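Please load the model in the viewer and keep the selection panel at hand.

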Amino acid sequence: MTDMMAEIAAFDGRTAKIVGPARSGKTEALLRRAAAAVAAGCAPEDILIETSTAEAARVVLEAAVAAGAP
């Protein structure tokens, strides 16, 4: 995990906007943040992750399904 990903995963604010070039780890960082939020007691259905590409959305959906999200 990069320092940026660790910083995002530890972020405890309500909204996080991650900006960066393609293949920089934005989607992975958001997934780690969501996992940290769930681990801290946030209900998964209360989490919204928006992506700017269909590929990133597919990755998020696959990760959610793999984690057991409905």
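Begin with the largest pocket of this predicted model, which has a volume of about 1,100 Å³. To centre the view on the pocket, select Ala 16, Leu 30, Leu 48, Ile 49 and Glu 50, which lie nearest its centre among the 31 residues that line it.

Which helices each supply at least two residues of this lining? Select residues 26-39, which form α2, and residues 54-66, which form α3; these are the two helices in question. Of the contributions to the lining, that of α2 is the greatest, with seven residues. Now colour the lining of the largest pocket by residue class: 14 residues are nonpolar, eight are polar and nine are charged.

The crossing of α1 with α2 is right-handed. To inspect the contact itself, show the side chains of Met 4, Met 5, Ile 8 and Ala 9 on α1, then those of Glu 28, Ala 29, Arg 32, Arg 33 and Ala 36 on α2, which they meet. This contact of α1 with α2 comprises six nonpolar and three charged residues, with no polar residue.

Finally, return to a cartoon of the entire protein. The view contains three helices and zero strands, and the order from the N terminus is α-α-α. The C-alpha trace spans about 30 × 25 × 20 Å along its principal axes. How does the radius of gyration stand against that of a compact globule? A compact globule of 70 residues would have a value near 11 Å, and the protein has 12 Å, so the two agree.

Methods: Residues numbered from 1 in each chain as written. Predicted model: local features only at pLDDT ≥ 70, side-chain atom pairs only at ≥ 80, totals over all residues. Heavy atoms only, no water. 1 Å grid on protein atoms, 1.4 Å probe; cavity = no way out; pocket = protein on both sides within 12 Å on 5 of 7 lines; lining within 4 Å. Points joined across faces, edges and corners; volume = space filled by probe spheres on them. Helix = DSSP H or I, 4+ residues; strand = E, 2+ residues; numbered from the N terminus. Nonpolar A, V, L, I, M, F, W, Y, C, P; charged D, E, K, R; others polar. Left-handed = near helix turned anticlockwise from the far one by under 90°. Contact = heavy atoms within 4.5 Å. Rg over C-alpha atoms; globule rule 2.2 N^0.38 Å.
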